[in-house]
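Colleague: I'm new to reading protein models. Could you take me through one, feature by feature?

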Amino acid sequence: MHNLPELATGRAAVVGNASIKGVVACVPPHRVGNDVFVERFGESVAEVTKMTGVAHRHWVDANTTTSDLCAEAATRLMAGLDWSTDSIDAILFISQTPDYRLPATAAVLQARLELRPGIIAFDVNLGCSAYPYGLWLAMTMVATGAARRVLLAVGDTSSRVVDPSDRSTALLFGDAGSVTAIEYDPLAPVASFVLGSDGRGAQNLIIPQGAFRDGAARGDHDQTRLFMDGGEIFTFTLKAVPPLVADTFRLAEASADDYDAFLFHQANAFMIKHLAKKSKLPTDKVPINIDRYGNTSSATIPLLIADDLSERLRSSTMRLAMFGFGVGYSWASASITIGRLACVETITS
């Protein structure tokens with residue numbers, strides 16, 4: 001047992017004997033530029049773009065789901081690692097855009113990928129904080145002996161739930177899926193995590209209706225579509241994330257100089273730059289790709305790994321700090337060393 005400190009921002013966790021072996025992200029082929037919104041929103045498109053930093057995003061068609069993107073990513077990843085389907089012990093699916101209300105999409109993916117019966121398969125409903133939470137969960141499963149190899153599928157197709165008449169969300173979100181391969185490794189460096197939540201902010205980023213409770217109406221648009229109170233989300237983020245960064249360093253017994261990159265959830269470009277400045281992080285170690293992909297919700301951090309960091313991770317190891325925050329409210333961080341990865345790439349399908 002590790003003697004872990006009490007942290008103001010969340011619960012501390014430390015996991016050993018598990019490592020990331022590969023990451024593949026998948027985006028749909030349909031690339032949408034900001035010009036398509038000008039007729040709908042007029043001059044305000046430039047204003048929104050200046051704040052969010054989004055120039056392009058990829059959107060699925062009406063027949064494509066998050067699991068489709070994750071299935072493509074998983075197939076490429078297993079081939080790249082030479083992992084047989086019989087060697088997988090667990091598949092986790094973390095998303096807020098599942099295939100069905102039931103059954104779990106992880107079970108659907110298990111059958112689709114022809115993984116053997118009897119493995120662990122379940123869903124987790126998380127968005128912006130999903131990737132650090134998912135890494136902690138998958139690596140803990142490996143460290144405790146429940147599984148030797150885990151596929152962690154994380155992604156969202158938010159274009160399916162935004163209101164096309166709401167400029168604050170219609171211009172912001174993109175679609176992506178990802179799969180991360182995690183394996184038992186007795187030589188793996190210890191990874192540390194900070195995990196927290198505050199459900200008092202649940203109403204500020206929500207789809208109020210369409211499930212089994214009709215929530216209070218938010219905004220003046222379709223209540224089965226995504227509502228976002230941008231001002232409240234911005235205030236929450238600026239309050240919650242800098243202390244999360246500090247606690248992450250404290251738990252890892254590290255400083256900013258010890259890391260090769262800081263991976264923030266790609267909420268919007270202005271916010272990321274402000275958080276990096278407030279946390280006194282070097283901007284050249286804070287990659288931003290929201291301009292190319294939009295806010296892909298749960299998939300933003302693995303998309304940074306599979307796209308912006310792919311070349312470095314093929315040839316060297318990197319110590320990374322990851323910070324996810326948003327819907328829930330929920331937040332999580334990870335301090336982890338990964339590389340050299342046999343398979344790390346972004347594909348289109």
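This is a predicted model: local features need pLDDT of at least 70, side-chain atom pairs count only at pLDDT 80 or more; totals for chains, interfaces and linings use all residues.

Colleague: How many helices and strands does the chain have?

Modeller: Helices (H or I, at least four residues) and strands (E, at least two) are DSSP runs, numbered from the N terminus. Here there are 11 helices and 15 strands. The radius of gyration, taken over C-alpha atoms, is 19 Å, close to the 20 Å of the globule rule (2.2 Å times the number of residues to the power 0.38) for 349 residues, so the chain is as compact as a globular protein of that length.

Colleague: What share of the residues count as buried?

Modeller: Buried means under 20% relative accessible area, exposed over 50%, and partly exposed in between (1.4 Å probe, protein chains only). In this chain, 58% of the 349 residues are buried.

Colleague: Which strands does β9 pair with?

Modeller: Two strands pair if DSSP finds at least two bridges between them. Strand β1 (residues 11-15) runs antiparallel to β9, with 5 bridges joining them; Val15 has Ala191 as its bridge partner. Strand β14 (residues 330-338) is also antiparallel to β9, through 6 bridges, and there Leu195 stands opposite Ala332.

Colleague: Now the rings, please. How many aromatic pairs are there?

Modeller: Rings of Phe, Tyr and Trp (its six-membered ring) pair if their centres lie within 6.5 Å; planes under 30 degrees apart count as stacked, over 60 as edge-to-face and the rest as tilted. The structure has 10 such pairs. In one, Tyr133 and Trp136 have ring centres 6.4 Å apart and planes at 75°, so they are edge-to-face. Both sit in helix α5 (residues 130-143), about one helical turn apart. Tyr133 is buried at 18% relative accessible area, while Trp136, at 28%, is partly exposed.

Colleague: Where does the charged end of Arg319 sit?

Modeller: A charge sits over a ring if NZ of Lys or CZ of Arg is within 6 Å of the ring centre and within 35 degrees of the ring normal. Arg319 has its charged end over the ring of Tyr259, 4.8 Å from the centre. Likewise, Arg101 lies over the face of Phe212, at 4.7 Å.

Conventions:
Residues are numbered from 1 along each chain as its sequence is written. Side-chain values use heavy atoms; hydrogens and water are left out.
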